[in-house]
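Hello,

I am passing a structure on to you, and my notes on what turned up in it follow. Please have it open while you read.

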Amino acid sequence: MTGMSSIVKTVTRWVSPFIFAFGIYIALTGHLTPGGGFPGGVIIAGCFILLTLAYGKETTFGLFNLESSAVTDSLAALAFLCMGFLGYVFGGGFFNNFIQSGFPGTSFRLLSGGNMPIINLAIGLKVGASLFAVFAYLALFRAIEED
Amino acid sequence: MLPLFVAIPLGVGFLLPLIEEFRDRTRLFSLFVLLETGGLLALSLIKFGDKGIYRMGGWAPPFGINFVQDGLSSLILVVISGIAFVTTLFAITYMKEYENLGKFYGLFSLMLAGMYGVALTGDIFNMYVYLEVAAISSYALVGFNRGAEEIEASFKYLIMGAVGSVFILLGIALLYGSVGSLNIADISVKVSELPDDSFIVLSTALFIVGFGLKAAFIPFHSWLPDAHSSAPTPISAMLSGVLIKVLGIYALARLLFNGLNLPGIAPSILTWIGAGSMFIGGMLALGQKDLKRLLAYSSISQMGYITLAVGMGGILIGQGKPGIATLALMGGIFHLVNHATYKSLLFLFSGSVEKIFGSRDLSEIGGLNSVSPVSGAVGTIGTLSISGVPPFNGFWSKLVIVIAAIWGKLYPLAGIILFTSAITLAYYLKVQRQLFMGKSTGNVSESVKTSAGLYIPLLILAICCIGLGLLYLPEIRGIVLKPAALALQEGSEYTKLVLGL
């Protein structure tokens, strides 16, 4: 049996969806409440790390392996940069909030803040993927040593 | 246009590893990076001499983040781009046999993005972030060969760099706590109104230690010889040529002169640290047998010259001699430009020597002049420039610094500079005798001797070494060096530029 005892596995199965959802919530509402892309990403990565610890790396790597985390990481960073350039094109300056000026939304609602939710989401993906990649590399090196 | 300097390398830095996940296209990667650095070089030359600020997202300082371009940052941009372009040109041939080039060029681009950011930013916390971007990519690049020695050097560099970063961050936190602003220009206004400056003194001390670790001043230098000699050659050239200057002395000078209005004895401390680095670095270089380690110790010594000149400028401003202070600062900045050219030339040269002989131990190799005359000539130009032999560029910048020291009546400093020049000449004469003259040692790689890809970058830099001496002429000096020196000296001009007061 890989991973930890069935008590740990059961508890992990129960809490991990909530942790994941909480991470997404923190990242998505970064423009309204304390939090944002970075802490959201850390929480999402924490959920994956918890799964890896409880179920063993084979289970998690089936969902999300090193290659996909590297690709997500780069893509999210490029998306972040694209938002900067789109600000150039539509808003007249690097990182100008062009969505806000065209579509202000209602204050304190989810659809407000213009570019910020998109940027926060990109940061969340980037941070989550890269933190998980760091953890996965460490786990892999351990596996190489054991062989 | 200013954000492009950071955005382009950042984009390339993330794009190349992404492409590499799907397809390993070495030629495409090199072409990409060459276009990137070439484009940035062109951009920095077009923008040279411009003054202005760029508001990120349209938010005005002191609350928004902004990029500032003045005389000094214009010059630093050209230096970074120029050396990066030549280094890339060299890396295309030199790095051919390596694997994972997408990651190599990606990290290289990220390092560039960080350095451009440090050169342009007008905000101390952003400066810290860019500094970390550049530093962390360089830790990874130092260990790129993945041999035991490289990993050890990289780890040592990582630990020392992290300690330096913590000092800088603590300094920033204290400064922010006492003045309540992160914008450098705004800090300079608020610092002068502060009733009690004890926190400013403390954070200045933390900055000197933190940036001193990044710049490898003498008590904090132990990581540099390992890191700079273990890195792949193009990276050694970037680290010694540009990184320690931008992350170390440029950032420190910008904070001390433009942000903190030269607190108390900071310039004298800087001057004596510079003098110490210069002298001890030179003495340590004398005993080296490994060519790259010798060059690395010589970097410590040459950084000492720059630091000494900048500190001397600060002392002279405090004594109310602005004319001579400008001269001293110009000397320091001139030496920074010169050292960037000849130290990257010498590091790239050491790479080609290693390719020719298969070793860089000075006691084992020799007779380069007969084996490869082009390489010998280029290396001779580099060694003569760095030892300060006229008419090469190193002579002129040392001359300016010595003249400033004598006119400013700082005779002991002038004495140390002259004595260290003699030491520098001594260890480069040792290199001359052992490497260039001497007997050729059998196993020489014929294919490298004729490889144009390795020589063209060296020739470009050698021409720069001769041509940059022209900066000494008053007309050219007035356009290039004087605005850079005045950017540091006239703190109120910087404030006016950023805050529009």
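B:Ile53 sits opposite B:Val68, a residue of S2(B). The partner strands are S1 (residues 52-55) and S2 (residues 66-69) of chain B, which run antiparallel and are joined by 4 bridges; two strands count as paired if DSSP finds at least two bridges between them. Strands here are DSSP runs of E with at least two residues, helices are runs of H or I with at least four, and both are numbered from the N terminus. In S2(B), B:Asn66 and B:Val68 point one way, B:Phe67 and B:Gln69 point the other way, and all are buried. Buried means that 20 or more other C-beta atoms lie within 10 Å of a residue's own, exposed means 12 or fewer, and partly exposed is in between, with C-beta atoms placed from the backbone.

Before going on, a word on the source: this is a predicted model, in which local features need pLDDT of at least 70 and side-chain atom pairs count only at pLDDT 80 or more, while totals for chains, interfaces and linings use all residues. Residues are numbered from 1 along each chain as its sequence is written, and chains are lettered from A and ligands numbered from 1 in the order in which they are written.

Leaving aside residues up to four places away in sequence, B:Ile80 touches B:Leu112, B:Met115, B:Tyr116, B:Ala119, B:Val242 and B:Val246; a contact means C-beta atoms, placed from the backbone, within 7 Å.

Chain A has 6 helices and 0 strands. Its C-alpha trace spans about 55 × 30 × 20 Å along the principal axes, and 35% of its 147 residues count as buried.

How far apart are the end C-alpha atoms of helix H2 (residues 37-55) of chain A? They are 27 Å apart, which agrees with the 27 Å that its 19 residues should span at 1.5 Å a residue, the expected span being 1.5 Å times one less than the number of residues. Among the buried residues of H2(A) are A:Ile43, A:Phe48 and A:Leu51. A:Gly56 follows H2(A) and has a positive phi, near 90°.

Finally, where the chains meet, chain A supplies 15 residues and chain B 12 residues.

Best wishes

Notes:
Two residues are in contact if their C-beta atoms, placed from the backbone, lie within 7 Å.
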